[in-house]
Amino acid sequence: MHLPASPGWLLVALCAATGAYCLLRMRSTVEEQRRAAGGEALMGFGMAAMAVPAAVFTPPSWAWPAYAAVFGAAALRALWAARASAHHLHHLVGASAMVYMAVAMAASPGHGAGVPLVTGTLLLYFTGYVLLTGVRLVPVGAGGGAVRIGDRPELARACRLSMGIAMVAMLLTM
């Protein structure tokens with residue numbers, strides 16, 4: 001991506017921290033948390049790797065097709081999982097956006113310019129997602145009892161919100 005160094009490193013830190021928290025959620029006792037957390041960890045770490053400022057590290061030419069293949073597989077998995085839960089449709093859009101950005105970077109390594117209509121549609125989707133998720137984070141009341149950190153739904157929503165914000169930033173820099 002084409003971010004200046006400071007914002008680029010902040011985006012790397014945000015995405016890596018989100019990926020690490022999602023790995024922690026994979027240890028949850030709640031099956032639904034575990035199921036979604038693996039894909040979200042992949043997204044977080046993948047976004048962190050893509051956001052490393054180009055002035056610091058320029059990926060080799062084979063990296064972009066590798067990103068596209070990994071996230072293409074993640075998109076297929078999300079498509080398969082969407083049969084059981086509509087939540088996975090968001091994972092499908094996110095993985096597809098990662099494939100799109102990787103293909104755009106492979107096609108134009110120095111510029112990464114994508115198709116304006118596709119980029120605009122993805123920006124619209126993720127901006128709406130960020131706004132909706134932000135509203136859903138407003139507390140509705142205190143929870144009862146001790147809950148493990150990996151089982152807290154508000155932290156999972158905050159994790160998804162941070163990845164949505166990072167996706168908007170990455171799409172804006174294409």
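The structure is a predicted model, in which local features need pLDDT of at least 70 and side-chain atom pairs count only at pLDDT 80 or more, while totals for chains, interfaces and linings use all residues. Residues are numbered from 1 along each chain as its sequence is written, and side-chain values use heavy atoms, with hydrogens and water left out.

## Overall build

The protein chain has six helices and zero strands, and from the N terminus on its elements run α-α-α-α-α-α. Helices (H or I, at least four residues) and strands (E, at least two) are taken as DSSP runs and are numbered from the N terminus. Of the 174 residues of the chain, 43% count as buried. A residue is called buried when its relative accessible area is under 20%, exposed when this area is over 50%, and partly exposed in between, with a 1.4 Å probe and with protein chains only. Accessible areas come from the Shrake-Rupley method with a 1.4 Å probe, and for residues only the protein chains shown count as cover.

One example of a buried residue is Ala 63, which has 10% relative accessibility and has its place in helix H3. The C-alpha atom of Ala 63 is separated by 8.4 Å from that of Ala 106, although the two residues are 43 residues apart along the chain.

Side chains of opposite charge can pair when their charged atoms come close. A salt bridge is counted here when a side-chain nitrogen of Lys or Arg is within 4 Å of a carboxyl oxygen of Asp or Glu, and by this rule the count comes to two salt bridges. They are set out below.

| Salt bridge | N to O distance |
|---|---|
| Glu 40 and Arg 25 | 2.5 Å |
| Glu 40 and Arg 160 | 2.6 Å |

Which parts of the chain does the pair of Glu 40 and Arg 160 tie together? Glu 40 lies in helix H2 and Arg 160 in helix H6 (residues 153–172), so this pair ties together parts that are 120 residues apart in sequence. Salt bridges that share partners join Arg 25, Glu 40 and Arg 160 into one network.

## Aromatic rings

A pair of aromatic rings is described by the distance of the centres and the angle of the planes. Rings of Phe, Tyr and Trp (its six-membered ring) pair if their centres lie within 6.5 Å, and planes under 30 degrees apart count as stacked, over 60 as edge-to-face and the rest as tilted. By this rule the count comes to three aromatic pairs. One of them is formed by Tyr 125 and Phe 126, which are edge-to-face, at 5.0 Å centre to centre and with 85° between the planes. The rings of Tyr 125 and Tyr 129 have their centres 6.4 Å apart and their planes at 20°, so this pair is stacked. Tyr 125 and Tyr 129 are four residues apart in helix H5 (residues 116–136), and they are therefore separated by about one helical turn.

Ring pairs link Tyr 125, Phe 126 and Tyr 129 into a cluster.

Another ring has a charge over it: Arg 83 lies over the face of Trp 80, at 3.7 Å from the ring centre. For such a contact, NZ of Lys or CZ of Arg must be within 6 Å of the ring centre and within 35 degrees of the ring normal.

## Cysteines

How many disulfides does a search of the whole structure find? The search finds zero disulfides, where a disulfide is a pair of cysteine sulfur atoms within 2.5 Å. The sulfur of Cys 15 is 9.9 Å from the closest cysteine sulfur, in Cys 159, which is too far for a bond. Cys 15 is buried, with a relative accessible area of 1%, and Cys 22 is buried at 0%.

Trp 9, Val 56 and Phe 57 make a nonpolar surface patch of about 310 Å². Patches are made of residues with over 30% relative accessible area and no salt bridge, where like charges are joined within 9 Å and nonpolar side chains (Val, Leu, Ile, Met, Phe, Trp, Tyr) within 5 Å. Val 56 lies in the loop between helix H2 (31–51) and helix H3 (63–81), and Val 56 is exposed, with a relative accessible area of 51%.
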